[in-house]
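Subject: Handing over a structure

Hello,

I am passing this structure on to you. Please open it first, then read the notes below.

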Amino acid sequence: MSTAPTRPADALREGDRPAESRPGAAARTVGGVAGWVDDRTGAAKPVGYLMKKVFPDHWSFMLGEIAMYSMIVCLLTGAFLTFWFVPSAGHTIYDGSYVPLRGVSMSEAYASTLNISFDIKGGLIIRQIHHWSALMFIVALVVHMFRVFFTGAFRKPREINWAIGSVLALLAIIEGFAGYSLPDDLLSGTGIRAMQGFVQTAPVIGTYLVYAIFGGPFPGEMIIPRLYSAHILLIPALLVGLFTAHIGLVFLQKHTQYPGPGRTEKNVVGFPVMPVYAAKAGGFFFIVFGILSLIAAVVQINPIWAYGPYDPSAVTAGSQPDWYMGFADGALRLLPGWLEFEIFGYTLSMNIFPGALLLLPLVYVVLGVYPFLERWVTGDDREHHLLQRPRNSPVRTGIGMAAITAYSVLLFASGNDIMAIKLGMSINDLTWFFRIGFFVLPPLAFWVTKRICLSLQRRDRDTVLHGRETGTIVRTPDGRFFERHDTELT
Amino acid sequence: MNEQDTPTHGSEVGPTGHGTAVRLDQGHIIGDGGIPERFSNPGLPVHVPRAADLDEDAARRAEKQVTTLFGISILGTLLFIVLYFLIDVEETIYVPGIGVTSASNLALGVTLALALLGIGFGAIHWAKTLMPDHEMVEERHPLRATDESRDRVVHEMREGGNSSQLTRRPFLKYTLGGALGLFAVPLVLQVAGSLGPMPQKSLSLTFWHGGPSGPGQEPEFKPLRLMRDPENTPVRADEVTVGSVYHILPEGLLDLEEGVLEEKAKAAVLLVRLQEDEIQSEKQLDWGYQGIVAYSKICTHVGCPVGLYEQVTHHLLCPCHQSTFDVTRDCEVIFGPAKRSLPQLKITVDDEGYLVSEQPFAEAVGPSYWERGQ
């Protein structure tokens, strides 16, 4: 490339015209196949365009990639698991190689999960990668959402993609719940039992819903196959479809970028897909997959054999859902019992219904409509392709931090029993702390965040006006001291 | 709200300073408020060549690093294949920091990770050291289509409506709308209608009513012995010492051919013996037998088994959401999200001294539901 004249050898080659090398046999074959396809599809034009497409570079743009790759790892390992998992609540007597459970009556779902873990070579590693990548998927997705929120990337023209992302986030946790409920061990069965209790509190239709979902009285034998069909077919189809739309819109609208020299609202500065992004993003998939494998190799997750088969009259202490369901579970722990009312002989369980059935959709609806609310309040109808630093939008950053605080209070509340034991504290005191904290801490977080943002803005302005502090103290001939400031802003 | 969006005029922060954070007469440089109206775009920064751009040795080193990483990946793959056949699935291994773990899981996971990470780090190192690092600039174009394109869409839609005579013959429109609006109803009806049976009375009945209590079943009451779970043996009143706890199921439940879990989910009972003078409720004393009391084990919150009994305080704690019930006060809720007491099962002893139910639960057990009080 003529723009890199700094290579010393380049001076010698100046003016040389490289001979056109004849393509090798392999390249001619590839070219022939590509030509055959292009004759029939005309794909050369869009593919050529995509290869030169430019993506801006920043570590925070990697978060969505982690989510995407974790999802792909989930799909891949999940397909493997279907070869051995038996989605049936039918009874069987376990006779596999895990001795403590031999001879125990259990469901075929649980027995086959034990087989995957103990009798199928490499089964456990696939199962553990699957579970870890599911957790990673949702963690990465949430942090990606933080990035998009705090930098204002959801602003016009990207509101639709934000809404799609919100639906994806909700589907991901439903998918996760359906997945970890499948093994039918004591812990997952307790989760399904709680879910049954939640649905049953829906006003008017609760009992009918429960009998529809479970195909009769709880637990029945229908819930495992139904969760299975939701987990491997219905929800993944929606996830993949919406994800394709999500990434398609990123291509169409071009990625946002952080402001900087040469980066404007009217351009995208970065590296082209071919070869840099293909190598970086492609390589990153292998890194995500590799790290998930490493975690799955050394850190045990969900040891279902330790819990035993599901029995509705048994339970283990410290029963916890996977982390992403924690906030809803925490809400249930905080809602006091007096919120249950009897009206004309009908029971309205406001101690359960809001936390169990309303909270989840509510959180994601509020998330989904946020860009429209913000636009309505600010009246900002311009297109934005440059990202904001969180400090430069103090109110939004404050709202975000308040929301994260409220969510965290609920999440921590779902571990109140574990905390009480580990910290030697009273569970009642902890519960009260969280109950009060849910109302007090978010406004506090808003106020503190906003003040910090404004202070950081002032510091930025100070730097712009006076340059950077150098730490060099200068004494003038008349005895005054001042600090030398550096005019370089970078 | 957004201080940086307002253009920074020099006059705004005058040299006199009026309590703002930044004063222009302070500090060393400029100090005259000569801030430009807008900062001009300095353009892309100068490209800084990397070591491998300038020095062939550095480039060769980078190449060596990348090929080593790819080599590690190949090695990982080969090791995976070897270890897959070499290590038996049942073998365990002690690893410091992890404990005893499945040898095959550890070996396969680590080698797979090597195979994957080698490719990943190799590719990225290649991109960072040897692939071009010149940033490219791509122009953005407005997403909005041109006015002509928009008008054409509107025009084609109108034209389509006119030429299909939809606008001239409105009944076409109404009936088509109706048909399209309704055609999904049969499909929805099939699913919604056939997913499960009607609950009927099954949520308010339990096996203690005299037998299986699924939808459509209405067992006739007979006294049932209290059986230990899982031994399935009856309990004599004189065996129950003060402070002991039993998991109880009704006689016959564990002998069922089918529906065991469904009945268990409603009929599970905890049996506790208290000192009679500890019991603070007259009804509780009456419904028990010499201080032996039986309570539904299914939490009135969302139905987890109330599994934790504190002998000293006589508190029952649900491990799911920490509802706490006081056994000395008729299992009232003393803390947590549940509203209702655990229902008590009225018990007595039969001729042979075994504990039996005297009547079924007087109310529905388990989590609340809308028509519970009916």
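Start with a loop in chain A. Pro157(A) sits in the loop between helix H6 (123-150) and helix H7 (159-181) of chain A. Helices here are DSSP runs of H or I with at least four residues, strands are runs of E with at least two, and both are numbered from the N terminus. The peptide bond from Lys156(A) to Pro157(A) is cis, with omega near 10°.

Some ground rules before the rest. This is a predicted model, in which local features need pLDDT of at least 70 and side-chain atom pairs count only at pLDDT 80 or more, while totals for chains, interfaces and linings use all residues. Residues are numbered from 1 along each chain as its sequence is written, chains are lettered from A and ligands numbered from 1 in the order in which they are written, and side-chain values use heavy atoms, with hydrogens and water left out.

Backbone points

Another cis peptide bond joins Met274(A) and Pro275(A), with omega about 0°. Pro275(A) belongs to helix H11 (residues 273-298) of chain A. For background, most residues other than glycine have a negative phi, and most peptide bonds are trans.

Phe344(A) has a positive phi, near 50°, and is not a glycine. Look for Phe344(A) in the loop between strand S5 (340-343) and strand S6 (346-349) of chain A. Phe344(A) is exposed, at 78% relative accessible area. The cut-offs, with a 1.4 Å probe and protein chains only, are under 20% for buried, over 50% for exposed, and partly exposed in between.

Gln290(B) also has a positive phi near 50°. Its place is the loop between helix H8 (282-287) and S7 of chain B. Gln290(B) is partly exposed, with a relative accessible area of 43%.

Sheets

Which strands make up the open sheet of three strands? The order is S1(A)-S4(A)-S3(B), and the pairing is antiparallel. Strand S1 (54-55) of chain A and strand S3 (136-139) of chain B stand at the edges with a single partner strand each, so one side of each has no neighbour in the sheet. Two strands pair if DSSP finds at least two bridges between them. Strand S4 (residues 267-272) of chain A is joined to S3(B) by four bridges. Val269(A) has Val137(B) as its bridge partner in S3(B).

Three bridges link strand S4 (residues 226-228) of chain B to strand S5 (residues 245-250) of chain B. Here Met227(B) stands opposite Leu249(B). Four bridges then link S5(B) to strand S6 (residues 269-273) of chain B. Ile248(B) faces Val269(B) in that pairing.

Cysteines

How many disulfides does a search of the whole structure find? It finds one over all chains. A disulfide is a pair of cysteine sulfur atoms within 2.5 Å. Cys304(B) and Cys320(B) form it, with S to S at 2.2 Å. The torsion about their S-S bond is about -90°, so the disulfide is left-handed. Cys304(B) lies in the loop between strand S7 (292-296) and strand S8 (308-310) of chain B, and Cys320(B) in the loop between strand S9 (315-317) and strand S10 (324-326) of chain B, so the pair ties together parts 16 residues apart in sequence. Both Cys304(B) and Cys320(B) are buried.

Cys318(B) is in no disulfide; its nearest cysteine sulfur, that of Cys299(B), is 3.9 Å away. Cys318(B) counts as buried, because its relative accessibility is 2%. Over in chain A, Cys74(A) is buried too, at 14% relative accessibility.

Helices

Helix H12 (residues 326-334) of chain A packs against helix H14 (residues 394-413) of chain A at about 75°, with their axes 6 Å apart. Axes are lines fitted to C-alpha atoms, for helices over the stretch in contact, and angles run from 0 to 180 degrees between N-to-C directions. H12(A) is therefore roughly perpendicular to H14(A). Angles of 65 to 115 degrees count that way. Residues of H12(A), including Phe327(A) and Leu334(A), meet residues of H14(A), including Tyr407(A) and Leu410(A).

Last, Thr431(A) in helix H16 (residues 427-466) of chain A. At 2% relative accessibility, Thr431(A) counts as buried. A polar atom of its side chain lies 2.7 Å from the backbone oxygen of Ile427(A). Leaving out residues up to four places away in sequence, Thr431(A) touches Arg333(A), Leu334(A), Asn416(A) and Phe335(B). Contact means heavy atoms within 4.5 Å.

Best wishes

Definitions and conventions
A polar contact is a pair of N or O atoms within 3.5 Å; within protein, one must be able to donate a hydrogen and the other to accept it, and residues adjacent in sequence count only if both atoms are side-chain atoms. Angles under 35 degrees count as roughly parallel, over 145 as roughly antiparallel, 65 to 115 as roughly perpendicular and the rest as oblique.
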